[in-house]
Each structure stands twice: as structure tokens, then as C-alpha cells.
Amino acid sequence: MAVPPTKEALLRLYSSSLRASRTFSSYNFREYFVRRTKSTFHEIQNESDPAKLSAFYNEQVKELAVIKRSAIVNQLYGGWRLVVEGLKDKPEAQLERSDS
């Protein structure tokens, strides 16, 4: 019988996955992996079967390693920042444009 991971272990894995997803330099990749992480963990939220929880946990640990490696590669070869990122990160940029 598989020993299920604790709620704390799942929450730590969830936060680590979100943190790793947010390190992508490319906006589209970053938003995709954040959404994917949230939806994946939301699906398993009410699961109580120990075998399914253990399998899910092991799979997500492997997935976290893949996300971390992919984020590093994305940071190395990241492109230009998108317009959406500039406005989202700097609200004062909108004020400067409206004053002109």
C-alpha cells in the first residue's frame, strides 16, 4: 500500500511549482505554466485515494524538475519583453502616456 503525501507536502510542492513557473522570462510560457500548475493541483484537491495521491505527487516532483530546467533555458534565450508585460509591471507608464 502506498503512503500518501501529507497536505503540507502537497502544498510545498504546489508553491514550489508556482515559484518555478514564475521564473520563465517569456510571458507566454510563464502564464501557461502558472495556469497549468493551478489547474493540475485543483483537479487533485479533493482526492482521498492514497495510491492516486502518491502517483500524483511523484509525477509532479518529476514535472517540477522539468519546469525548473525549462525555465533556465528560457532565461538563457529569452526574447524581448511584450507590451503587456511593460504595462502590467509599470503602472506609472500608463500615466506618462496619458500626460503626453
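1. Helix α1 (residues 7–21) and helix α2 (residues 27–43) have axes that come within 8 Å and cross at roughly 165°. Here axes are lines fitted to C-alpha atoms over the stretch in contact, with angles running from 0 to 180 degrees between N-to-C directions. The two helices are therefore roughly antiparallel to each other, a term that applies to angles over 145 degrees.

2. The model is predicted: local features need pLDDT of at least 70, side-chain atom pairs count only at pLDDT 80 or more, and totals for chains, interfaces and linings use all residues. Residues are numbered from 1 along each chain as its sequence is written, and side-chain values use heavy atoms, with hydrogens and water left out.

3. On the α1 side, the contact (heavy atoms within 4.5 Å) with α2 is made by L10, L13, Y14, S17, L18 and S21. The α2 side contributes R30, F33, V34, T37, K38 and F41. By class, this contact has seven nonpolar, three polar and two charged residues; Tyr counts as nonpolar, and Lys and Arg as charged.

4. The protein chain has five helices and zero strands, in the order α-α-α-α-α from the N terminus on. Helices are DSSP runs (H or I) of at least four residues, and strands (E) of at least two.

5. Of the 100 residues in the protein chain, 27% are buried, meaning under 20% relative accessible area with a 1.4 Å probe. The accessible surface comes to about 7,500 Å² (Shrake-Rupley method, 1.4 Å probe), and 57% of that surface belongs to carbon and sulfur atoms.

6. Among contacts in the protein chain between residues at least 6 apart in sequence, those joining residues at least 24 apart make up 70%.

Note on methods:
Parallel < 35°, antiparallel > 145°, perpendicular 65-115°, else oblique. Buried < 20%, exposed > 50% of the residue type's maximum accessible area, 1.4 Å probe, protein only.
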